[in-house]
Amino acid sequence: MSTATPTDKTGARTEEAAGLITGARDRIDALDDRIIGLVQERMAVSAVIQEARITSGGRRVNLSREMEVLGHYRDALGKPGTALAMTLLELCRGRA
């Protein structure tokens, strides 16, 4: 019967590196939880905006605003930022 060591779980070759990786992964997990919460908050705010736009006779999606968002993420994060923004926009559009 084998037992996993911290180095097995992290891929590190020393206990010191394994400890550093474990701590950093805990921080990443906490950041991911915060990011998910912010995305959920963004989705709720987008729903309010869409409802107001539709109620006033407008369209659900404002393409010029989406282009601004895409540009903002691209400028801040490079090409992968555009893909991230597209995913966020898709999540925030809600269901048609």
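Modeller: Helices (H or I, at least four residues) and strands (E, at least two) are DSSP runs, numbered from the N terminus. This is a predicted model, in which local features need pLDDT of at least 70, side-chain atom pairs count only at pLDDT 80 or more, and totals for chains, interfaces and linings use all residues. Residues are numbered from 1 along each chain as its sequence is written, and side-chain values use heavy atoms, with hydrogens and water left out.

Biologist: How many helices and strands does the chain have?

Modeller: There are four helices and zero strands. Read from the N terminus, the order is α-α-α-α.

Biologist: How many salt bridges are found in the whole structure?

Modeller: The search finds three. A salt bridge here is a side-chain nitrogen of Lys or Arg within 4 Å of a carboxyl oxygen of Asp or Glu.

Biologist: Which residue does Glu68 pair with?

Modeller: Glu68 forms a salt bridge with Arg65, and their closest N and O atoms are 3.2 Å apart. Because the two residues are three apart in helix α3 (residues 63-77), about one helical turn separates Glu68 and Arg65.

Biologist: Is Glu66 buried or exposed?

Modeller: Glu66 is buried, at a relative accessible area of 11%. Buried means under 20% relative accessible area, exposed over 50%, and partly exposed in between (1.4 Å probe, protein chains only). Arg93 is partly exposed, at 22%.

Biologist: Which residues form the remaining bridge?

Modeller: Asp75 and Arg74 do, at 3.6 Å from N to O. Asp75 counts as exposed, with 62% relative accessibility, whereas Arg74 is partly exposed at 44%.

Biologist: A change of topic: what radius of gyration does the chain have?

Modeller: The chain has 20 Å, whereas a compact globule of 96 residues would have a value near 12 Å. The radius is taken over C-alpha atoms, and the globule rule is 2.2 Å times the number of residues to the power 0.38. Along the principal axes, the C-alpha atoms fill a box of roughly 65 × 30 × 20 Å.

Biologist: What percentage of the residues count as buried?

Modeller: Of the 96 residues, 17% count as buried.
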